Amino acid sequence: MKSNVAKNTGPEMILRHALFASALRGYRLHCKKIPGRPDICFTKKKVAIFVNGCFWHRCPICDLSLPKTNTEFWERKFELNKERDKRKIKNLEDLGWNVLIVWECEIRNELAETVAKIQHTLENLR
Ligand SMILES: [Zn+2]
């Protein structure tokens, strides 16, 4: 299916496998009924996880520079992306969800720490 191809991005798959391997298995994917459609969610504990691409969502760790052509266009586009992200998080938090943002580079560079962070969040909600 077309939509699955777009959504099953590399980093997200890596994270899902790692969560599964860590026995963090009570999650659902692309939770349509939850505002903002988190990539991964633990519905019982109300933990929503967004896997964000560093380029599109302007990762603070990578702090990537803007493309050199059409800079204004990109600036505006990224501003809108960031605003949308903020709104999504706020909406969910207002509904009592705990929101975790996981950056693509964290998955690529610090997978164990990222899984530990998620595990920690889940355990503290017990
Ligand atoms: Zn990054």
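What covers the buried residues of helix α4? In this predicted model, the cover over the buried residues of α4 includes strand β3 (47–52), helix α3 and strand β4 (98–103). The buried residues of α4 are Trp-74, Phe-78, Asn-81, Asp-85 and Leu-92. Helix α4 itself runs over residues 71–94, a total of 24 residues. From its first C-alpha to its last, α4 reaches 34 Å, close to the 34 Å expected at 1.5 Å a residue. Just after α4, Gly-96 adopts a positive phi of about 90°.

Helix α3, which is part of the cover over α4, spans residues 54–57 and contains Cys-54. This cysteine is a ligand of the zinc ion, which is coordinated through the SG atoms of Cys-54, Cys-59, Cys-62 and Cys-105 at 2.2 to 2.3 Å. The angles among the 4 donor atoms range from 104 to 116°, and the site is tetrahedral. In sequence, the donor residues follow the spacing C-x4-C-x2-C-x42-C. Because Cys-54 lies in helix α3 and Cys-105 in helix α5 (residues 104–109), this pair ties together parts that are 51 residues apart in sequence.

With a relative accessibility of 7%, Cys-54 counts as buried. Cys-59 is likewise buried, at 3%, and Cys-105 is buried at 11%. Helix α5, which carries Cys-105, also holds Glu-106. Glu-106 has a relative accessibility of 11% and therefore counts as buried, the limit being under 20%. When residues up to four places away in sequence are not counted, Glu-106 touches Ile-61, Ile-101, Leu-111, Thr-114 and Lys-117.

The bond joins Cys-31 and Cys-41, with their sulfur atoms 1.9 Å apart. The link is left-handed, with -120° about the S-S bond. It connects distant parts of the chain: Cys-31 is in the loop between β1 (28–29) and β2 (40–42), whereas Cys-41 is in strand β2, and the two are 10 residues apart. Both partners are buried, Cys-31 at 7% relative accessibility and Cys-41 with a relative accessible area of 0%.

Helix α2 comprises the 12 residues 10–21. The distance from its first C-alpha to its last is 17 Å, close to the 16 Å expected at 1.5 Å a residue. Buried positions in α2 are Pro-11, Glu-12, Leu-15, Arg-16, Ala-18 and Leu-19. Viewed down the axis of α2, these buried residues fall within an arc of 165°, so they line one face of the helix. His-17 and Ala-21, on the other side of α2, are exposed. Ala-23 follows α2 and has a positive phi, near 65°.

Note on methods: Residues are numbered from 1 along each chain as its sequence is written. This is a predicted model: local features need pLDDT of at least 70, side-chain atom pairs count only at pLDDT 80 or more; totals for chains, interfaces and linings use all residues. Side-chain values use heavy atoms; hydrogens and water are left out. Donors are N, O and S atoms within 2.8 Å of the metal (3.2 Å for Na, K and Ca); water is not among the atoms, so sites may look incomplete. Four donors count as tetrahedral if all angles lie between 85 and 135 degrees; four count as square planar and six as octahedral if opposite donors are over 155 degrees apart and all others between 65 and 115; anything else is irregular. Helices (H or I, at least four residues) and strands (E, at least two) are DSSP runs, numbered from the N terminus. Buried means under 20% relative accessible area, exposed over 50%, partly exposed in between (1.4 Å probe, protein chains only). Contact means heavy atoms within 4.5 Å. A disulfide is a pair of cysteine sulfur atoms within 2.5 Å. The expected span of a helix is 1.5 Å times one less than its number of residues. The arc is that of the directions from the helix axis to the C-beta atoms.
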